[in-house]
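Subject: Structure handover

Hello,

Here is the structure I promised to pass on to you. Please have it open while you read, as my notes go through it element by element.

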Amino acid sequence: MSGKLLIIGFGPGSFEHITKRAREAIGESEVIIGYNTYVDLIAGLLTEQQVVRTGMTEEVSRAQEAVRQAKQGKKVAVISSGDAGVYGMAGLVYEVLMEQGWTREDGVQVEVIPGISAVHSAGSLLGAPIMHDSCTISLSDHLTPWELIAKRVEAAGMADFVIALYNPRSGRRTRQIVETQRILLKYRSPLTPVGIVKSAYRDRQHVVVTTLADMLNHDIGMLTTIIIGNSATKLYDGLMITPRGYQRKYTLGAETQPLKPHQRLKSEAEPWALEQLDEQDWDESMEEFDEEDELMDDEVTEIKEPSQLKSTPNLSPSNSLQLAMEALQLVSVSKGNEEVPFEFDEKLTATQSIFEFAVSPGIANKKLTAAQLCALGEIVGDRGDIEYSPHHQLIVRVQTNNPKQITSELSALGLLLSPIGDVAQIKACDFCNLEKGESIPYAEAIHHRIGNLEVPKELKIGFNGCGMACYGAVQQDIGIVYRKEKFDLFLGGKTVGRNAHAAQPVAEGIDPAELVDLVGRIVERYQKEGHPNERFHKFFKRVKEIEGYRHQEMVGFVIENAICGD
Ligand code: SAH
């Protein structure tokens with residue numbers, strides 16, 4: 001009679017989440033070997049099996065005992081919580097077998113039965129935090145040198161993985177989680193959403209959603225799994241949601257999509273794909289995608305046709321919230337026996353989410369007052385952050401359930417607030433300390449007309465009050481220079497990349513009465529006809545002509561590949 005080893009992952013701990021095969025395997029085994037607590041968790045499934053209970057650090061003797069009994073011809077179940085192949089018993093049993101020269105052909109039979117691992121049970125309770133590339137890291141340094149663990153935390157932080165931390169802390173191991181937080185804060189915002197799940201699907205289940213900065217202020221122990229979001233993960237109604245990247249191709253708040261179904265998988269709609277990155281483009285694309293774009297990828301086959309989507313109410317300045325709403329609308333929920341589309345509930349939005357916006361002292365004014373800075377400092381506090389951007393703006397991120405109060409307080413102090421992301425922004429000079437200010441009303445009128453307009457990709461409109469153009473208007477996507485009471489216009493600057501170039505001069509001496517409408521029409525056409533994520537210079541090159549101005553090829557040269565940081 002030949003024995004058999006059944007290595008069983010029984011999931012998080014509730015009966016509903018044990019697989020059918022795991023139950024059967026427990027039923028058909030003669031001996032059950034497991035850690036005390038685990039045996040208790042599956043006690044309801046036991047019938048006449050002989051039970052070998054062991055303590056926590058006795059995995060090796062457990063594995064040896066299992067192999068010994070199986071060799072005697074018994075059917076032996078070795079149980080692990082979650083999945084037996086994830087920090088569980090599967091590897092160890094095989095290692096003991098290997099040590100004894102076991103072979104698949106002649107040795108005892110082995111079956112590994114998969115289970116739901118803590119990363120998935122915790123993830124399900126937190127919303128949809130995993131969604132994209134992720135990793136698990138155990139912070140236990142009982143068997144793994146801390147240096148190696150720290151290196152993995154560092155690498156995962158750097159590569160923007162969603163991270164599930166197993167064994168985050170025990171009575172004696174308390175520093176590892178502190179150190180892990182410190183390392184991750186080098187790469188991620190303190191406001192990165194973090195989920196702390198204790199005893200998922202067990203009696204004392206406890207779920208907390210917080211931030212990277214705040215995570216250590218909560219109870220973390222041996223039965224906790226921590227999930228740290230990536231740079232795109234959002235907080236929504238107490239849930240963590242990691243976007244998959246649909247916003248690259250889809251305008252998630254719109255009813256009609258700029259890319260029609262037949263265009264969506266075409267290579268020109270995916271300039272970031274490997275196929276598209278020939279030698280020069282690689283360099284360019286790496287520099288062009290901002291961080292968030294770069295870290296998300298997508299697959300389009302499962303999404304519904306645009307006509308099936310409802311438009312999403314514009315609830316927040318962040319597209320990410322819209323993304324979450326869109327995602328929810330793609331889901332059907334059951335009402336009675338019927339499958340109905342998810343209904344948007346306005347009340348859901350009254351929760352703490354991260355409010356991100358840009359602040360500047362004004363279109364022309366470049367000076368901040370002490371009162372404005374104090375108010376900003378107060379609003380941001382210890383938990384939020386303020387980032388100095390290259391675009392004459394401070395980027396503010398703050399967790400709040402009342403963004404309106406923040407905006408009205410800051411606007412009352414004379415600050416100009418704008419949304420972040422793919423919007424048109426006017427970047428004016430300081431008009432020589434407001435001394436050469438004749439053209440300021442035009443800058444303001446342009447801001448009025450198309451400032452903050454949602455466009456396919458962020459669009460900077462440089463505006464200089466004299467021919468010196470010292471604030472670099474001609475380096476922007478669109479450049480406007482006031483000279484001799486008229487305006488010069490420049491289109492299609494490539495603002496980033498090592499082959500960045502100035503915008504093409506397209507017109508001189510434009511009558512001020514025509515300027516605002518002209519720029520408005522240019523931006524509106526880009527808004528309508530640009531592909532999602534297509535920068536203005538690429539759009540100009542593709543459509544060849546805008547408002548009668550013809551695109552001219554810039555003389556370029558080939559530059560070697562480089563990726564960010566090289
Ligand atoms: N094989 C298991 C992991 C064992 S390591 C699995 O695949 O899930 C033990 C760690 O798993 C714990 O420290 C905790 O981080 C995590 N864990 C296991 N069960 C859990 C549960 N029910 N809730 C939350 N975390 C759990």
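Below are my notes on the ligand site, the strands and a few loop residues.

First, the ground rules. This is a predicted model, in which local features need pLDDT of at least 70 and side-chain atom pairs count only at pLDDT 80 or more, while totals for chains, interfaces and linings use all residues. Residues are numbered from 1 along each chain as its sequence is written, and side-chain values use heavy atoms, with hydrogens and water left out.

**The ligand**

Which residues come nearest to the ligand? They are Val86, Ser117, Met222, Thr224 and Thr225, out of 19 residues around it (a residue is near if one of its heavy atoms lies within 4 Å). The shell divides into 10 nonpolar, 7 polar and 2 charged residues. Here Ala, Val, Leu, Ile, Met, Phe, Trp, Tyr, Cys and Pro count as nonpolar, Asp, Glu, Lys and Arg as charged, and the others, Gly among them, as polar.

There are polar contacts to look at too (pairs of N or O atoms within 3.5 Å; within protein, one must be able to donate a hydrogen and the other to accept it, and residues adjacent in sequence count only if both atoms are side-chain atoms). Thr225 places a polar side-chain atom 2.7 Å from a nitrogen atom of the ligand. For Asn167, a polar side-chain atom is 3.0 Å from a ligand oxygen atom. Ala118 takes part through its backbone, with a polar atom there 2.8 Å from an oxygen atom of the ligand. On its own the ligand has 540 Å² of accessible area, and the protein covers 95% of that (Shrake-Rupley method with a 1.4 Å probe; for residues, only the protein chains shown count as cover).

**Strand β1**

Helices and strands are DSSP runs numbered from the N terminus (helices: H or I, at least four residues; strands: E, at least two). By my cut-offs, buried means under 20% relative accessible area, exposed over 50%, and partly exposed in between (1.4 Å probe, protein chains only). Lys4, Leu6 and Ile8 point one way from β1, whereas Leu5, Ile7 and Gly9 point the other way.

Two strands pair if DSSP finds at least two bridges between them. β1 runs parallel to β4 (residues 75-80), joined by 6 bridges, and Lys4 stands opposite Lys75 there. β1 also runs parallel to β5 (residues 109-113), with 5 bridges; in β5, Gln109 is the bridge partner of Lys4.

**The sheet with β21**

Further along, 5 strands make up an open sheet with mixed pairing, in the order β20-β21-β22-β23-β24. β20 (424-428) and β24 (504-510) are at the edges with a single partner strand each, so one side of each has no neighbour in the sheet. From one strand to the next, the twist averages 20° (axes are lines fitted to C-alpha atoms, for helices over the stretch in contact, and angles run from 0 to 180 degrees between N-to-C directions).

Within this sheet, β20 pairs with β21 in the parallel sense over 5 bridges, and Gln425 stands opposite Lys460 in β21. β21 (residues 459-464) also pairs in the parallel sense with β22 (residues 478-483), over 4 bridges, and Asn464 faces Val481 in β22. Both faces of β21 are covered, with Leu459, Ile461 and Phe463 buried on one side and Lys460, Gly462 and Asn464 buried on the other.

**Loop residues**

Asp237 is in the loop between β12 (234-236) and β13 (239-241) and is partly exposed at 31% relative accessibility. Asn452 belongs to the loop between α14 (440-450) and β21 and is partly exposed at 26%.

Lastly, Asn230 is in the loop between β11 (224-228) and β12. Asn230 is buried, at 3% relative accessible area, and its side chain reaches the backbone nitrogen of Ala232 at 2.7 Å.

Best wishes
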